[in-house]
Structures are given as structure tokens and as C-alpha cells.
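Please examine the sequence and the three-dimensional model below. The paragraphs that follow lead from the overall fold to individual contacts.

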Amino acid sequence: MLHQQIPAPPGQRSATLAAWVRSWRAGLVSFDEVLDEATGGEEHLVRHPDGTEESLAAALIELAASSRVSPDAVRVVLPAAGDPRGLPGPGPFSSAALVAGEGVVLGASGLVPEPDAPSTAHLDPADRWAGTRWLANPLPVAPVPAEPLTLAEADHDLTMALTETIGALRELDVARLPPGLARGLASLRGEDGAGPSLPIGYGPRARRLSARATTIAGVLALASADASGAAVNAYETSARDAALRPLATAARRARAAAVNSPLE
């Protein structure tokens, strides 16, 4: 295993919010639990197209009261360039989610976490606003149905991608790789991982897949941020990225499939 702490992978804010809102809409967890898990005690605001803002709590309450959103009408999207799977069709929500790499579909509306403002990067961490601003946008009147990926399919694809990626990494010169990456991924081949657990309502298979995929995505994020022992020229960078890309795609799709799977 990698000795460094595995970070939360990209898209975790949206995955967490979607999972807990789904469970809340099914009557399985309380509203306070949703806020605790989704915000981690930080301030979360929602900005609407007209420029007005409100708390995430107020936005969710208003959404529930006005549209009676069912659990199946809530899902996470984790798109990437060239892979817009899950997006509800052209529009401001899809555009923002594609740039951010994440978003949450909530009935007829969508939320996308706003990137951290570059203007605050120079500030001392104690002086920065430690919160998240979600951009809200209406979805298309006739949204494109999401392409379903079953838990079995996602699990199979993730296992195959992990096996193939480990093989490809072993063929690369170790100088092109962050230390321990191949060993870290290999150690996850037979494990469920230690990602954040899903709330009540999700079955064992969804929980295992979510934890495993989230841990793999975190390992890949850690490898991407670790420059020591990494690729040292453009060719080696390209070779490493080509080896990791299929696994990153499979992990991203598996995370979405787990969160969006039917509640039990």
C-alpha cells in the first residue's frame, strides 16, 4: 500500500451530496445528517442564475417542498473531456459540470461546485473562506436519459481496468512512476478499499464498489500530485498517462454507478 494518506478524489463533494440526498428523499436519513455529511461543518452556499444566493440547507428544503424530488431523480454526474456520460443534454449545467468534472442532478435542477477562486490563493489559509459555493441551473425541459451502468458491469470494468493498468505500469521504467504506485494499485486488486461509506439504503455491493473505486481514484490523484520519481520528459509523461487513463475512467464510472444505484 502507499504510505501517504490517500486524498479524497475529484468529484467527492458531488458524490457525497447526491448519495445522502437520495437516502434522505427515501426517508432513510434525517435532513441534519445530510447537511453534516455533505458540508463537513463548512458553509455551503447555492448561487442561482439571477445572482441570488442562499444556504445549501435552504435550497434543499425549497427543492423538496416545490418538486417532491424522488430518490431516483437525484444522481451524481462525473463527466470528463470526451466522456460526457450522465449529463442531461446541452445547457449551462452540463457545460459547468464538464468543466468541474462533477455535478448533482436534483430533479429539474442541477448543482455544480464552483472552483476555488484564484484570487484567494495568495491568502493565508486562516483568512480564506473555508466553504463551497454551488452553482444552480435548470436542466433541459426534456433531458437526455442517463445511460445506465449496472453495479455488475461497473465492477467488472473496474477489475479489468485495474489488472490491465498494473500490467502496463510494470512494463514502464520505474523512473517514470511515482514511488509505490504499481504496488499500491496491486494491493487494491483484492480489497474493497477504504473510501467513505454510503448512507443507509445502499446494498453491500454498492458499498464495496463505491469504497474500492473511491480509493483507487484517490490513489491516482495522489500519484498525479506526486512529482518525485514521476515521469521526467514528455514521452514518459505520455506513456504513464496512457497507462493510467483507462483505470481513471473505470473508477470514475464505477463511483457514479454505485451512488446512482437503486436503493434497497
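**Fold, burial and salt bridges**

Of the 264 residues in the protein chain, 45% are buried, where buried means under 20% relative accessible area, exposed over 50%, and partly exposed in between (1.4 Å probe, protein chains only). This is a predicted model, in which local features need pLDDT of at least 70, side-chain atom pairs count only at pLDDT 80 or more, and totals for chains, interfaces and linings use all residues. Residues are numbered from 1 along each chain as its sequence is written, and side-chain values use heavy atoms, with hydrogens and water left out.

The protein chain contains 8 helices and 6 strands; helices (H or I, at least four residues) and strands (E, at least two) are DSSP runs, numbered from the N terminus. Followed along the sequence, these elements give the pattern α-α-β-β-α-β-α-β-β-β-α-α-α-α.

Side chains of opposite charge can pair when their charged atoms come close. The structure holds 10 salt bridges, a salt bridge being a side-chain nitrogen of Lys or Arg within 4 Å of a carboxyl oxygen of Asp or Glu.

One of these salt bridges joins Arg-13 and Glu-102, whose closest N and O atoms are 3.8 Å apart. Arg-13 belongs to helix H1 (residues 12–25) and Glu-102 to the loop between H4 and E4, so this pair ties together parts that are 89 residues apart in sequence.

Another salt bridge connects Arg-252 with Asp-83, and here the closest N and O atoms are 3.0 Å apart. This pair links distant parts of the chain, with Arg-252 in helix H8 (residues 234–260) and Asp-83 in the loop between strand E3 (74–77) and H4, 169 residues apart. Arg-252 is buried, with a relative accessible area of 15%, and Asp-83 also counts as buried, at 10%.

A further salt bridge is formed by Arg-133 and Glu-114, with 3.6 Å between the closest N and O atoms. Arg-133 lies in strand E6 (residues 131–138) and Glu-114 in the loop between strand E5 (109–113) and E6, so the two tie together parts that are 19 residues apart in sequence. Arg-133 counts as buried at 18% relative accessibility. Through salt bridges that share partners, Arg-47, Glu-53, Glu-114 and Arg-133 are joined into one network.

Which residues form the negative surface patch? The patch consists of Asp-32, Glu-33, Asp-36 and Glu-37. Patches are made of residues with over 30% relative accessible area and no salt bridge, like charges being joined within 9 Å and nonpolar side chains (Val, Leu, Ile, Met, Phe, Trp, Tyr) within 5 Å. Asp-36 is part of helix H2 (residues 31–39) and is exposed, with a relative accessible area of 55%.

Helix H2 also includes Thr-39, which is buried, with a relative accessible area of 14%. The C-alpha atoms of Thr-39 and Thr-16 are separated by 9.2 Å, and the two residues are 23 residues apart along the chain.

Helix H5 (residues 151–171) contains Thr-165, which counts as buried at 2% relative accessibility. The Thr-165 side chain reaches the backbone oxygen of Ala-161 at 2.8 Å. Ala-161 is likewise found in helix H5 and counts as buried, at 8% relative accessibility. Between the C-alpha atoms of Ala-161 and Ala-248 there are 8.7 Å, although the residues are 87 apart along the chain.

Finally, the loop between E3 and H4 includes Pro-84, which counts as partly exposed at 48% relative accessibility. The C-alpha atoms of Pro-84 and Ser-95, 11 residues apart along the chain, are 9.9 Å from each other.

Definitions and conventions. Accessible areas come from the Shrake-Rupley method with a 1.4 Å probe; for residues, only the protein chains shown count as cover. Lys and Arg count as positive and Asp and Glu as negative; His and the chain ends are not counted. The place of a charge is taken as NZ of Lys, CZ of Arg, CG of Asp or CD of Glu. A polar contact is a pair of N or O atoms within 3.5 Å; within protein, one must be able to donate a hydrogen and the other to accept it, and residues adjacent in sequence count only if both atoms are side-chain atoms.
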